[in-house]
Amino acid sequence: MENVTLATVVLLAGITVLIGLGVPVAVSMGVPSAVAIAILLGPEGAALTSAQRLFSASNSFALLAIPFFILAGGLMNNGGIAKRLIDLALVVSGRLPASLAQTTVVANAMFGAVSGASVASAAAVGTVLSPRMKDDGYDPAFSAGVNAAASPAGMLIPPSNTFIVYSLVSGTSVAALFMAGVGPGLLWAGICVLIVALYARKHPELKSTARPTASEALTVLLRAVPSLFMIVVVIGGILAGFFTATESAMIAVVYALLQGLIQRTLPVRELPQILLDATKTTAIVMLLVGVSGILAWVLSFARIPETIAESLLGLTDNVVIILFIIMVVLLIAGTVMDPTPAILIFTPIFLPAVTELGVDPIHFGAMMVFNMCLGNISPPIGNNLFVAARVANVRIEPLMAKVMPFFWALCIGLLVVTFVPALSTWLPTQMGLMTGTP
């Protein structure tokens, strides 16, 4: 067996087996990659190349946006911003049947729009609304299910750390990707609203909340304006060209910190713990990014992406069939992998094949992230499921039963995102961030 073939087998089999055994993803990616390089270059060459690729993959100015957005999300979650956004969401959706469940959906979309973190959104919204929904007669499992299903919208609605990772791997514009996520993000939230409405028809006892007076609604809006204005500052600054995505993340941290301190909703004594939590999360992400550099080198040297692209194109040149196959593979992979490593692994493998068929990389990015969002509400890895279950104090089994109607409806949404490119590309094209699909 040739060295390249042997290295390919070791790489792919090693990653699959180690992930299947539950080994941490960074180790599952790094060890087989290093062994594959040793087969190709020898032990000394493997050590040198692995170290170089680990450093070069992490040595990126654009990657600084990730730790700063993570820190900004922590400051928002602890600084009362979530509570003000939830109050505003209740005003917006309070007249709908099962209004507290609808508020959960709207609040998750709002919080995602200012933090870009779906897990943080599930924790913040669930902590505030789950007790209230229980008091109003909601099934706790359903309450947790709505929260889990709605929270991944934050990975799509800008800003989004997941899109930043995809941008790094694909070489595409962060600003264009942010705008490409708006349509799919609103579709995700809209599907969740529809499923809640259908549930409310079968449970007429779930009434709408009391309609606030005009003065009460205005008070809630004014309290939420500083939080909502953060979207204008962060996203508007990027689109206007005032600063980069990385600089906008730093501004988001300063904005969230000052808002919490000025409004006295962010205790100074909690800052060390917030910084520590953000550091831990950042370390995990950066290790994955660094290890992906080693993996990318092996993939490139062994021409694995080109081989897979040729194999897919050898099956058929029908773009619909190719995209459907890729989405199914990613959907399955998303059940056992977090979004970040999945994007780091599969983007360089599948992107050459789809671009060969004329699919725009921006559109493909929106498809991948939507697919990874589904993974976040799928066992056994789905982080949002476990966070929502923990804050609502329910078991994962009944929660899963309540999530499944959302999951299957969102699978239909994935088909819409995949086969209706305009949903992702229209807004960035109109804003001059891309020239349109080929």
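# Helices, pairs and buried residues

Me: At what relative accessibility does K402 count as partly exposed?
Reply: In this predicted model, residues under 20% relative accessible area are taken as buried and those over 50% as exposed, with partly exposed in between. K402 falls in that middle class, because its relative accessibility is 26%.

Me: Which side chain meets K402 in a salt bridge?
Reply: The side chain of K402 pairs with D139, and the distance from N to O is 3.7 Å. K402 belongs to helix 20 (residues 396-419), whereas D139 sits in the loop between helix 6 (118-135) and helix 7 (140-150), so the pair ties together parts that are 263 residues apart in sequence. This partner is partly exposed, with a relative accessible area of 31%, and the residue asked for is D139.

Me: With which residue does D87 form a salt bridge?
Reply: The closest N and O atoms of this pair are 3.5 Å apart, and the partner of D87 is R223. Because D87 lies in helix 4 (residues 81-93) and R223 in helix 12 (residues 214-240), the pair ties together parts that are 136 residues apart in sequence. The name asked for is R223.

Me: How many salt bridges does the count come to?
Reply: Besides the two pairs already described, which are K402 with D139 and D87 with R223, E397 forms a salt bridge with R395, the closest N and O atoms being 3.3 Å apart. E397 is partly exposed, with a relative accessible area of 47%, and R395 counts as exposed at 57%. By the rule used here, the number of salt bridges comes to three.

Me: At roughly what angle do the axes of helix 3 and helix 9 cross?
Reply: Two packed helices are described by the angle between their axes and by the distance between those axes. For helix 3 (residues 65-78) and helix 9 (residues 161-170), the axes come within 10 Å, and the crossing angle is roughly 175 degrees. Since an angle over 145 degrees counts as roughly antiparallel, helix 3 is roughly antiparallel to helix 9. The value asked for is roughly 175 degrees.

Me: How many residues of the contact of helix 3 with helix 9 are nonpolar?
Reply: On the side of helix 3 the contact is made by A65, I66, F69 and I70, and these meet N161, I164 and V165 in helix 9. One residue of the contact is polar and no residue is charged, while the number that are nonpolar is six.

Me: How many of the 10 residues of helix 9 are buried?
Reply: The buried residues of helix 9 are N161, T162, F163, I164, V165, Y166, S167 and S170. What covers them includes helix 3, helix 8 (153-156), helix 10 (174-180), helix 17 (339-356) and helix 18 (361-375). Helix 9 is largely enclosed by the rest of the structure, because the number of its 10 residues that are buried is eight.

Me: Which residues is S248 in contact with, leaving aside its neighbours within four places in sequence?
Reply: S248 lies in helix 13, and at 0% relative accessibility it counts as buried. Leaving aside neighbours within four places in sequence, the residues in contact with S248 are F69, V234, I238 and F243.

Me: How far apart in space are I251 and F68, C-alpha to C-alpha?
Reply: I251 is found in helix 13 (residues 245-262), where it is partly exposed, with a relative accessible area of 30%. Apart from its neighbours within four places in sequence, I251 is in contact with V233 and F243. Although I251 and F68 are 183 residues apart in sequence, their distance in space, C-alpha to C-alpha, is 8.8 Å.

Me: How many aromatic pairs does a search of the whole structure find?
Reply: One of the pairs is F142 with Y199, which is stacked at 3.6 Å centre to centre with 10 degrees between the planes, and it links distant parts of the chain, with F142 in helix 7 and Y199 in helix 11 (residues 182-202), 57 residues apart. Both F142 and Y199 are buried. W297 and F301 form another stacked pair, with 4.9 Å centre to centre and 20 degrees between the planes, and both lie in helix 14 (residues 271-301), four residues apart, about one turn of the helix. Across the whole structure, the number of aromatic pairs is five.

Notes
Residues numbered from 1 in each chain as written. Predicted model: local features only at pLDDT ≥ 70, side-chain atom pairs only at ≥ 80, totals over all residues. Heavy atoms only, no water. Axes fitted to C-alpha atoms, helices over the stretch in contact; angles between N-to-C directions. Helix = DSSP H or I, 4+ residues; strand = E, 2+ residues; numbered from the N terminus. Parallel < 35°, antiparallel > 145°, perpendicular 65-115°, else oblique. Contact = heavy atoms within 4.5 Å. Nonpolar A, V, L, I, M, F, W, Y, C, P; charged D, E, K, R; others polar. Buried < 20%, exposed > 50% of the residue type's maximum accessible area, 1.4 Å probe, protein only. Salt bridge = Lys/Arg side-chain N within 4 Å of Asp/Glu carboxyl O. Phe/Tyr/Trp six-rings, centres within 6.5 Å; stacked < 30°, edge-to-face > 60°.
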